[in-house]
Amino acid sequence: MANEENGERPGDLAVESRLKKIFDSSRNFLASALSEWLPSLIDQPTNPPFVKKAIFNDEIARIARLIVMAVLLSVIIIGSFKLVYNNISESAAIISQTILDVIKLSLCVIIAVFLVSLVYFPIAALSGVKISQNKKLSLRQVFFTTLYIIVPWLPIFAFIITAILPSKGIILLLLLMAPYLCLIYIMLNFMRAIKVITDCNWTPVILSVLAPFFMLGVIFLILLLS
Amino acid sequence: MHEELELPNRPGLSLDQKVPRRAFVSMALLAASVTAVHPKITGKTINTEIPDLDDNYLIPGPADTLTVYLDEIEKVRYDILRQYYVIFGFMAAVLRRKYEALRKDIDELMRLAPELKVDKNLCRLRDVAAASKNNITASNTPDPRLVAVIKTNFELALIASNQVSREEVKWSASEISPEAIEKIKDILCRIDNLNTPTASIQDASTELSKSDGELTTEIKSVVSAVREAINLLLRNESNAAILKLESAISQLNALDKYKPSKKLLDYIEGLPEDIRIEYAKKNKSVTTPTSTAQELLQRAIAWIKVDGRFPNDQSLPKISGAIEKGQVEFIRISANLTAPVGIRFFTILASVLGTYLPHPTPWRIGSCSFLLCPILFAYSDENIRIQKIKDMFYSIIPSGEFDTDDARTTAAAKILAKIII
């Protein structure tokens, strides 16, 4: 009654309340995303968990939060693009399909990261990357390092993949080159992370990361010129 | 393994001994990888089939084969004019020999009368004679400057004919020996003899160039019709392609009746009879120089009419071999891949670029694969892949002649979209 006396109708209050809820939930989500995902992307390698001789024993909760956030952001990015460029009536189906796609992609990334760790593990040992004189890098350390470095880039790759679809000309060219730029940053951050954990010289760290790429590059050139 | 990893801690092992071992392991890994995948190093040729791709890209279709036939059509121009080029080649060789002799005589004259070396006309005459000797070819007549020099070289002519006293010219009469005067007379006589054939071959060569130009225009028209037919085939418009090919055949048929200009024919008629008879024997004129090209196109039409299917036995005749009715000659492009499974991607890419978007240079293959990988990784839907790959072709560096051709880029994109990474 007091509101009516002030000239405000109940419908206006409902709209205002709903807008406030949307604003609050959006702000909370963005704050959560910024605190969970953004630092792990722009401050790679973050501290914690990357400290000297880190063993990653209690990292499941933290990495799970990071993965969920990265997947959620990827869903939002891919879903929003698909909603814009597809028929609105198909939105529900698109969203459910997108969620499935992104979860599938994330699981694939986790497994792929594990496989990459398996490949990197012996190369690191051969290149002389060690924590101390008698202690070599463990598979757990390699796996978590790779995961922490790669997972924050998932939304970026999701954006590139979705943005390629409507693009043409020079924008398309830039977007097609962007994954390679991201890969370079990932490699650099990975090397820095390994350096932080092991505290060894740069030479074996750089060698361990670049040697496989060098070999692939040589093979690529041979195939190209043959 | 663990013991090897502990190698740096072994007592008595110096740093110099540790590093080479590590380098050796790295090099061994690199060498093993390269040896494993490179067919030239292993010496193996592995024929593999690609089950996940449409086989059509391996076996040439009518469109691919017509692309190869274009080279055959380009040769028609030379086949028509070949007899004239041969005769011109002979006549040019005769003239070259005469100019070489003339240059030697002028050298001899300069030796007999060293004071003539300062005579600009004589020096110029010598230089032009030498240049003409080098320049005369079947399609390139003597240097036109020679005729001008010969006609305006009055000074030498007057001295030789004793119409002008030696004192009137810039060198001293006492310095010119009788042998030199005789030589000058001889040179001038030979210059007179060279004037007529030089002018004749120059005129005839101009006519031959005109004929060459006319035929080039005609052949371009035929090639254009065949190219249009190829593009129509790539768009699966067979009937329109057949019409274009029939048009090309009729144009080729008209070229069989081609005769060069009367001036050129008169020049040939004016040559000594022994030369004409000799070269008529050596170069039997081809009555239908376009017959091979016409036959290829006719058989291509027959092939298109059976929807580009191959004979069941896969044993297709060679170009010069006996051809059964209904079959068509073709050049096998790449029925078998000589590459291990791991490098099929590059082989396919090179094949597709070579067929649809020439030329498959290493830079083009490299930039194409660089831009193609993100698309293939990102999308699994074939239609999206085709659209994006088509857009991507515009960005290949260096760009190619057909990179913006819609029919060709679509055909290439359809093949590349099927690659599974």
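Me: In this predicted model, which residues in helix 10 of chain B meet helix 13 of chain B?
Reply: Among them are Ser238(B), Ala241(B), Ile242(B), Leu245(B) and Ile249(B). Their partners in helix 13 include Ala293(B), Leu297(B), Ala300(B) and Ile301(B).

Me: Why are helix 10 and helix 13 of chain B called roughly antiparallel?
Reply: Helix 10 (residues 238-255) and helix 13 (residues 291-305) of chain B pack at an angle of about 165°. Angles over 145 degrees count as roughly antiparallel. The pair is therefore roughly antiparallel. Their axes are 10 Å apart, and the crossing is left-handed.

Me: What does Leu245(B) touch, not counting residues up to four places away in sequence?
Reply: Leu245(B) touches Val226(B), Ala229(B), Leu297(B), Ala300(B) and Ile301(B). Leu245(B) is also one of the residues with the most contacts inside the largest nonpolar core, which has 103 residues.

Me: Which helix gives this core its largest share?
Reply: Helix 9 (residues 178-234) of chain B gives 12 residues.

Me: Why is this core said to lie between domain 1 and domain 2 of chain B?
Reply: Domain 1 (47-60 + 334-416) and domain 2 (62-329) both give residues to the core, so it lies between them. A second, separate core has 10 residues, including Tyr99(B) and Ile187(B).

Me: What makes Leu126(A) partly exposed?
Reply: Leu126(A) has 19 other C-beta atoms within 10 Å. Buried needs 20 or more, and exposed means 12 or fewer. Leu126(A) falls in between, so it is partly exposed.

Me: Where is Leu126(A) found?
Reply: Leu126(A) is in helix 5 (residues 91-127) of chain A. Its C-alpha atom is separated by 9.8 Å from that of Leu207(A), 81 residues apart along the chain.

Methods: Residues numbered from 1 in each chain as written. Chains lettered and ligands numbered in written order. Predicted model: local features only at pLDDT ≥ 70, side-chain atom pairs only at ≥ 80, totals over all residues. Core = buried A, V, L, I, M, F, W, Y, C linked by C-beta atoms within 7 Å. Helix = DSSP H or I, 4+ residues; strand = E, 2+ residues; numbered from the N terminus. Domains from an automatic or database assignment. Contact = placed C-beta atoms within 7 Å. Axes fitted to C-alpha atoms, helices over the stretch in contact; angles between N-to-C directions. Parallel < 35°, antiparallel > 145°, perpendicular 65-115°, else oblique. Left-handed = near helix turned anticlockwise from the far one by under 90°.
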